[in-house]
Protein chains: 2
Amino acid sequence: MMNAIIFGTIAFDAIETPYAKTDKIIGGSGTYSCFSASYFVQPQTISAVGYDFPAEYIQKLQDKGVDIEGMQIKQDEKSMFWACRYHANMNQRETLVTELNVVEKFKPVLPESYKNTEYIMLGNGDPTLQRSILEQLNHKPKFVALDTMNFWMDTMLDELKKTIAMVDIIIINDEEAIQLSEGEHCLSKAARKICAMGPQYVIIKKGEHGALLFSKDKVFSAPALPLEEVVDPTGAGDTFAGAFIGYIAQQDATDFETMKTAVIVASAMASFTVEKMGTEALENLSADQIKNRILKFKELSDFKL
Amino acid sequence: MMNAIIFGTIAFDAIETPYAKTDKIIGGSGTYSCFSASYFVQPQTISAVGYDFPAEYIQKLQDKGVDIEGMQIKQDEKSMFWACRYHANMNQRETLVTELNVVEKFKPVLPESYKNTEYIMLGNGDPTLQRSILEQLNHKPKFVALDTMNFWMDTMLDELKKTIAMVDIIIINDEEAIQLSEGEHCLSKAARKICAMGPQYVIIKKGEHGALLFSKDKVFSAPALPLEEVVDPTGAGDTFAGAFIGYIAQQDATDFETMKTAVIVASAMASFTVEKMGTEALENLSADQIKNRILKFKELSDFKL
């Protein structure tokens, strides 16, 4: 089975929606991405947790086939904790608590066994840390995907640009694309500006309006499944990212056609995540469920000429 | 050649964008819809103009093959005139002038030659007038499409609902769908509520995010072509409506598959309209241009599994 390195937090989440509320559950971008990628490849996590992280949560990751050699377990620190509350129609999210704890001083260290991995997902985080992962590899990898957010554009734009120059694809939302392109509201122009910073491809996620995939000279529009009920949007983007790198690594191909299908597969996986609280939906999918969901995207967008 | 009745205003428009400004040019929803439909069928206009409407504009319609028997030319009234200004990114439009003139007291009268037409586009307008067209037909037509807007929901909701109950499809934008469904922000739920009012199908246009087509149990997502330059958005919706009914009438079929392709054809035609000022782009398209634009939509949304 192919491997994919997944850099992203493994943490405690507490989620509150108008209809439900969780205790401290397993969460973090790395968790969603690893669970999601696990349906396609063996994910190799790069993360850190504290002494308070339950063995059963680590077992959950291992049960999904996640290689945890790159997970640092710090005996003198607490795990990261994030709490949020969603309002009315789930479009607005309020962060209630962010305790970085173990993540604050975390320096990623690649185990020897990760250093030849060809497919890498750099989840949202400090761009210097994202870059340090690439620098620890034994070789130039086949494909590196990058997620980032406004915070890093506001506070570390120069560092972020250095990291962007090293990756093959950047996966961001429409607002982030506008900001990164210095205010370009036309998304195809924004994508062109971002491609000029280095990446071969850009994915711009538009939430309920689907996603656009751009190369220097091509564009693909992926629809969003019109969902009747969104139970919990947490982790949808991280699920997308994990499935995306997982599918690419499984196919071991980086051409535009493969990217297109990967966007659909990633959208399908994200559509599961939002149907249940936390990682619940993502923990127990069958191959048939995934296949049928992907077919729904085909049905949704296919037409005869 | 098949016919399609097009009910919609034929008028003077004056358009101002940050980059260009027109004099009084030919405009109105009926003009855009007729020009657009003319590439697929013979449009039969139901409209009224005044003594001041230039013969060369009537000739333009006839040159596109529009049957003008249902156009009333009122010698004692002036033509409708509408002026608007677009701001910065073309998303905001300010109406500067609306002189209804001849349209104010207009009562549609169907010529005998229209009374057996099977495909009908009821452009945005007073729902009692829209209904009066259906009542003048010799028969129950094969397919009636309806466009409407917030104004009629605000002022004549009961009349509008009576008209909606008589049509096969309603073509509206997302805001209008939310209002018509009494505040349902989930578009698939909104569509279901609207279907329950009578129509077999609902199209919800989302501007730069494409369009959704719903039947009672199916859904289709049409992408929007990512355009780099929108010169003038005027008439895009009317172009969509005209091409939609034109394609359906040309195919002489009303199944869901035909609706899907019609949404793509309609989106393709609308994408031409916004590339030039007024009706200019729509007046001189070749069959090859249209075919290639439709193929672009296929390329944009097609993926391999």
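**View 1. Antiparallel pairing of strands S6 and S7 in chain B.** Strand S6 of chain B, formed by residues 81-86, pairs with S7(B) in the antiparallel sense over 6 bridges. Within this pairing, Arg85(B) has Glu94(B) in S7(B) as its bridge partner. The model shown in this and the following views is predicted.

**View 2. The open four-stranded sheet of chain B.** The 4 strands of this open sheet in chain B follow the order S3-S2-S6-S7, and their pairing is mixed. Strand S3 (25-27) and strand S7 (93-99) of chain B each have a single partner strand and stand at the edges, so one side of each is left without a neighbour in the sheet. On average, neighbouring strands of this sheet are turned by 35° against each other, direction ignored.

**View 3. Helix H1 lying across strands S2 and S3 of chain B.** Residues 29-37 of chain B form helix H1, which lies across strand S2 (11-16) and S3 of chain B. Relative to S3(B), helix H1 of chain B runs at about 80°.

View 4. Glu159(A) belongs to helix H5 of chain A, which spans residues 157-164. Because buried means under 20% relative accessible area and exposed means over 50%, Glu159(A), at 22% relative accessibility, counts as partly exposed. Leaving aside residues up to four places away in sequence, Glu159(A) touches Pro127(A), Thr128(A) and Arg131(A). Glu159(A) and Thr128(A) are 31 residues apart along the chain, and their C-alpha atoms are separated by 6.4 Å.

Notes: Residues are numbered from 1 along each chain as its sequence is written. Chains are lettered from A and ligands numbered from 1 in the order in which they are written. This is a predicted model: local features need pLDDT of at least 70, side-chain atom pairs count only at pLDDT 80 or more; totals for chains, interfaces and linings use all residues. Side-chain values use heavy atoms; hydrogens and water are left out. Two strands pair if DSSP finds at least two bridges between them. Helices (H or I, at least four residues) and strands (E, at least two) are DSSP runs, numbered from the N terminus. Axes are lines fitted to C-alpha atoms, for helices over the stretch in contact, and angles run from 0 to 180 degrees between N-to-C directions. Contact means heavy atoms within 4.5 Å. Buried means under 20% relative accessible area, exposed over 50%, partly exposed in between (1.4 Å probe, protein chains only).
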